[in-house]
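Trainee: I would like to learn how to read a model of this kind with some care. Could we go through its features one after another, with the general idea before each case?

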Amino acid sequence: MSETTYTQLLQLSAGLLLLCAVLIVWRRSLGAHIRLLAVQGWALAGLVAVLGLHEHSAELLWVSVLVATLKGVVLPAVLARATASDRTRAREETPLINTTAALLAVSFLTMLAYLVSRPVLALGSTAAVAAVPVGMAMALFGFLVLSTRRHAVSQLIGFLLLDNGIATVAFLTAGGVPLVVELGVSLDVLLVVLILRVLTSRIRTEYGDADLDDMTELRD
Amino acid sequence: MNGSVGVNVSAATFATSQVLVLVVLSPLLIGLMRTVRARLEGRVGGGVLQPWRDLRKLLLKEPLQAQGRSWWAMAGPVLLVSSSLALCALTPLLGTVTFPSLPDDLFVVVSILLLGSVALALVGLDAGTAFGGMGSSRHMMISALVEPTVLLSVYALSIPVGSSVLSRIVEARLDDPASVLSPVSLLALLALTIAVVAETGRLPVDNPATHLELTMVHEAMVLESSGRDLAWLEVGSWLRLGVLLGLVSTLLVPWGVATDLTAAGMLVAVLALVAKLAVAATALATVEVALAKVRLFRVPELMAGSFVLAFLAVTASYLVVQG
């Protein structure tokens, strides 16, 4: 793979990751969130595959297959099942800040991501390093979604966005982690999502709703 | 000296032919969009030529004016049409040769666009009816939200080229077709498309098919105009749609645009423009069938989204420059 193709493919997948992250903040329906998260998972897998092809590392290619199955297929399917049983509340109705404000916050967070990743950018001028702010921005968007959404599944989506951001930064700076570590991290994320999914459905059967802001007092 | 005269002549040729082609095509474009929409909804539709027939009918009628209308009722439509014609002449739809003294700079194009919007809004206010006032205020709100996005997204496209002249941007894209698929250009074009849809009053921002609805924007402004005045207002808006759609599709698919004046090049450019506009109009009409108009207070949300996309395009273009 020539150097220019590598740069372009890397930028394309980084751009797709960022676009999906912005659209997750933009849209309000949970179904759209889950589909966007799946697309983002595939984009992340593509990013890892591009890095693997560039560095001729078979391990990275295996990691990309792992990322694609976990973040592109399994996690979205788990989330989709979590929302499928609850057709009435398939939208995030009352986020703490409205969408316009959230989108403006997104542009500020992107600037912030560029500012905080300046020390990293100073380390090298390769295409992979130049794309690090994208990962930082995704992690910050994840925090934004986590802190402003009220629906339990929305918060789970924010957590996964944060995780995708961290994974992007890791792949771009370290050129990937050993397969065993990646496997462990992936299992961790899968386990967290499964537990939270069970917890969400328990909350819903208990209270008839998954709005976490309603749960401010203890009952017996 | 001789060279600059040559440039001026070919720039004038391109500008005139762009104006002629767009004046002929824009009503057909509207007709095509209405026909596609009608067919997809299971109706027969008025045919592609219907806007031209409407136009001829309106042009033959004398304009009736409400009591107390000022001279602006006649001047406004003319100003809108002239601003749209100036846009047709300036944007590099057929050729990238520009007048050395009047380049098709981004800021010039956006200010001419805004001039037309203001003329239309004043026409809406002029009769002093409640509907016209509501339409004008909504139109100005949408314009105020759209302009930053247009400026920012074309600015993002101009960073790699180092010039805010639209012709230079199109030339750079002709030289390096791979740059069309870079994330910067995709994000900027997506933002620009949303801005163009809002600016030309298509769904989901305004419903172009409605004629009596409390939420209409464009139709509310032209409600008090009739006859010739209405014809000019409609032509002006159709030309704007044609130019802006042409600009987006030229930026997305720059092939066919001539870089110097030859008969064959001009023919290819005209055919390419017709094809691009037809595809863009069909795509827009097809998407519109599946969309409903959003509430007016959700429009800022849409515009904020497109603004963020344009902003990301700008940041991403610095990412490319550094990398």
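Mentor: Let us begin with contacts, where two residues are in contact if their C-beta atoms, placed from the backbone, lie within 7 Å. Please keep in mind throughout that this is a predicted model.

Trainee: With that cut-off, how many residues does the contact take from chain A and from chain B?

Mentor: Chain A gives 24 residues to the contact, and chain B gives 20 residues. On the side of chain A that touches chain B, at least two residues each are supplied by helix 1 (3–26), helix 4 (99–116) and helix 6 (127–130) of chain A. Helix 1 of chain A has the largest share of that side, with 10 residues. Sorted by class, the side of chain A that touches chain B holds 15 nonpolar and 9 polar residues, and no charged ones.

Trainee: Is a count of residues the usual way to express the size of an interface, or what else is often given?

Mentor: The size of an interface is often given as the accessible area lost when the parts come together. For the present pair, what we have is the residue count, 24 from chain A and 20 from chain B.

Trainee: Turning to the chains themselves, what does the secondary structure of chain A come to?

Mentor: Chain A has 9 helices and 0 strands, so that its pattern along the sequence reads α-α-α-α-α-α-α-α-α. The C-alpha trace of chain A spans about 60 × 35 × 25 Å along its principal axes, and 45% of the 220 residues of chain A count as buried.

Trainee: And which values belong to chain B, for its helices and its radius of gyration?

Mentor: Chain B comes to 11 helices and 0 strands. A compact globule of 323 residues would have a radius of gyration near 20 Å, and the 19 Å of chain B agrees with this. Its C-alpha atoms fill a box of roughly 60 × 45 × 40 Å along the principal axes, and 51% of the 323 residues of chain B count as buried. Among contacts in chain B between residues at least 6 apart in sequence, 81% join residues at least 24 apart.

Trainee: How should I read the packing of two helices, and at what angle do helix 1 and helix 2 of chain A cross?

Mentor: One reads the angle together with the distance between the axes, and an angle over 145 degrees counts as roughly antiparallel. Helix 1 of chain A and helix 2 (residues 30–55) of chain A cross at roughly 160°, their axes coming within 9 Å, and these two helices are therefore roughly antiparallel to each other. The crossing of helix 1 and helix 2 of chain A is left-handed. Among the residues that make the contact are Tyr6(A), Leu10(A) and Leu17(A) of helix 1 of chain A, together with His33(A), Leu37(A) and Leu44(A) of helix 2 of chain A. By class, the contact of helix 1 with helix 2 of chain A has 17 nonpolar, 5 polar and no charged residues.

Trainee: What are the angle and the axis distance for helix 7 and helix 8 of chain A?

Mentor: Helix 7 (residues 132–148) and helix 8 (residues 152–174) of chain A pack at about 165°, with their axes 7 Å apart, which makes helix 7 roughly antiparallel to helix 8 in chain A. Their contact has 16 nonpolar, 9 polar and no charged residues.

Trainee: Finally, which backbone features deserve a second look, given what holds for most residues and most peptide bonds?

Mentor: Most residues other than glycine have a negative phi, and most peptide bonds are trans. In chain A, phi of His56(A) is near 50°, a positive value in a residue other than glycine. His56(A) sits in the loop between helix 2 and helix 3 (58–84) of chain A, and it counts as exposed because it has 9 C-beta neighbours inside 10 Å. In chain B, the peptide bond from Leu203(B) to Pro204(B) is cis, with omega near 5°. Pro204(B) lies in the loop between helix 7 (183–199) and helix 8 (218–221) of chain B.

Key: Residues numbered from 1 in each chain as written. Chains lettered and ligands numbered in written order. Predicted model: local features only at pLDDT ≥ 70, side-chain atom pairs only at ≥ 80, totals over all residues. Axes fitted to C-alpha atoms, helices over the stretch in contact; angles between N-to-C directions. Helix = DSSP H or I, 4+ residues; strand = E, 2+ residues; numbered from the N terminus. Parallel < 35°, antiparallel > 145°, perpendicular 65-115°, else oblique. Nonpolar A, V, L, I, M, F, W, Y, C, P; charged D, E, K, R; others polar. Left-handed = near helix turned anticlockwise from the far one by under 90°. Rg over C-alpha atoms; globule rule 2.2 N^0.38 Å. Buried ≥ 20, exposed ≤ 12 C-beta atoms within 10 Å, placed from the backbone.
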